[in-house]
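I opened this notebook to keep track of what I looked up in one protein model. The entries follow the order in which I searched, beginning with a single residue and ending with the chain as a whole.

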Amino acid sequence: YILTSTACPATVTSAAATLQVTGETTIDAQPLETAACPGSDASFSITATGAGLTYQWQVSTDGGSTFTDVSNGGTNSTLVVSGITSGMQGNLYRVKILSTCSTSPLVSASAILNINEATTIAQQPADASVCINSNAVFTSSTAGAASTYQWQISTDNGISYSDINGATTETLTLDGVTAGMNNNLYRLAATSLPCGTSYSNAAALLVSTPPSITTAPSSVTVCEGENAIFSVVAQGTNPIYQWQVSTDNGLNFTDVANGAGSIYTINNVGTALNNNLYHVTVDVRACGNLTSD
């Protein structure tokens, strides 16, 4: 701008001003199809040119018939979709772009979200109670994507796990378990690409030693009205006792009431009990039972 005065012959020139002309808003890179695993995040991005750009991402869950605005984080050039679920398979995402030079939004192409199939544990392994020197079997199964299998063991109550060599099927068989393996934990790791590894629950190995009787019950002689006490000393893992009586010289035995311990007491003995026979069964669930003399 040049200002000239007729009264005082002089010319004053202003600073120069720049005219910037912005072209129409254009999309340089459209959002692309994206695949994600359940539980992970997916992202869609767009590159656009224009002045004062604002973004609004939209989603369609009906194949593109209708779109609704994405409220959480949907106003940037990149959209992050968190917490992917299998139910989001086929969702379409697009973005509306406004600029200072546009009176109507520019809408991008739609990009589809595909969900990669993950491996899930369909059958959890169960605890195994076995007798020492026998075999233990753990079984688990998976659903979803095909996967590779690896059984793992923990000897520190689940704090850490390590792979078992050669244990790469859905069934784990342990031959000839020992007492030192008692309370070990076992789990199955199922790995699929690209969604990673799923782990089963841990199952415990419970190893029992069979019952043995170190001191058998002895015959008891008492006076009428006194108490008669029979006892047994047995070994084994958590033995269960059941005393029994025979009133036909040992042909048949039946359980007695209150006879579930290693000591059986008959209070206030009467003459009707004379010559009854008493023995005890010692039961270790995983290893069977044993009957005393």
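**Entry 1: Asn184**

I began with Asn184, which I found in the loop between strand S19 (171–174) and S20. I noted at the outset that I was working with a predicted model.

Is Asn184 buried or exposed? I looked up its relative accessible area, which is 8%, and because buried means under 20%, Asn184 counts as buried. I then listed what Asn184 touches, leaving aside residues up to four places away in sequence, and wrote down Ile153, Ser154, Thr155, Ala203, Ala204 and Leu205. I also looked for polar partners and noted a polar contact of 3.5 Å that joins the side chains of Asn184 and Tyr186.

**Entry 2: the disulfides**

I reminded myself that a disulfide is a covalent bond between the sulfur atoms of two cysteines. How many disulfides does a search of the whole structure find? I counted two.

One of them is formed by Cys37 and Cys195, whose sulfur atoms are 2.1 Å apart. This pair links distant parts of the chain, since Cys37 sits in the loop between strand S4 (34–36) and strand S5 (42–45), while Cys195 sits in the loop between strand S20 (185–192) and strand S21 (196–199), 158 residues apart. The torsion about the S-S bond of Cys37 and Cys195 is about -95°, so I recorded this disulfide as left-handed. I also checked the accessibility of Cys37, which counts as buried at 12% relative accessibility.

Cys131 and Cys287 also form a disulfide, and here I read a sulfur-to-sulfur distance of 2.0 Å. This pair, too, links distant parts of the chain: Cys131 is in strand S14 (residues 128–131), and Cys287 is in the loop between strand S29 (277–284) and strand S30 (288–291), 156 residues apart. I asked why the disulfide of Cys131 and Cys287 is called right-handed; the torsion about its S-S bond is about 110°, and the handedness follows from that. Cys131 counts as buried, at 14% relative accessibility.

When I counted the bonded cysteines along the chain, the disulfides followed the pattern 1-3, 2-4. I also looked up Cys223, which counts as partly exposed at 48% relative accessibility.

**Entry 3: Ser198**

I moved on to Ser198, which lies in strand S21.

Which residues does Ser198 touch, not counting residues up to four places away in sequence? I listed Thr119, Ile121, Leu188, Ala189 and Ala190. Thr119 came up again when I followed the side chain of Ser198, which reaches the backbone oxygen of Thr119 at 2.6 Å.

**Entry 4: a sheet and Val284**

I then looked at a sheet, remembering that strands of a sheet pair through backbone hydrogen bonds, either parallel or antiparallel. Here four strands form an open sheet in the order S27-S26-S29-S30, and the pairing is antiparallel. The edge strands are strand S27 (254–255) and S30, each of which pairs on one side only. Strand S26 (residues 240–246) and S27 pair over two bridges, and I found Val245 standing opposite Thr254 in S27.

Val284 has its place in strand S29, and with a relative accessible area of 1% it is buried. Among the residues that Val284 touches are Ser208, Thr209, Pro210 and Gly236. I noted Pro210 in particular: Val284 and Pro210 are 74 residues apart in sequence and 6.3 Å apart in space, C-alpha to C-alpha.

**Entry 5: the whole chain**

Finally I stepped back to the protein chain, in which I counted zero helices and 30 strands. What is its radius of gyration? I read 41 Å, whereas a compact globule of 293 residues would have one near 19 Å. The C-alpha atoms fill a box of roughly 150 × 45 × 40 Å, taken along the principal axes.

Of the 293 residues, 33% count as buried. The chain exposes about 16900 Å², of which carbon and sulfur atoms supply 49%. Among contacts between residues at least 6 apart in sequence, I noted that 58% join residues at least 24 apart.

Note on methods. Residues numbered from 1 in each chain as written. Predicted model: local features only at pLDDT ≥ 70, side-chain atom pairs only at ≥ 80, totals over all residues. Heavy atoms only, no water. Disulfide = S-S within 2.5 Å. Buried < 20%, exposed > 50% of the residue type's maximum accessible area, 1.4 Å probe, protein only. Contact = heavy atoms within 4.5 Å. Polar contact = N/O pair within 3.5 Å; in protein donor to acceptor, adjacent residues only side chain to side chain. Rg over C-alpha atoms; globule rule 2.2 N^0.38 Å. Areas by Shrake-Rupley, 256 points an atom, 1.4 Å probe, with all protein chains shown as cover. Pairing = 2+ DSSP bridges.
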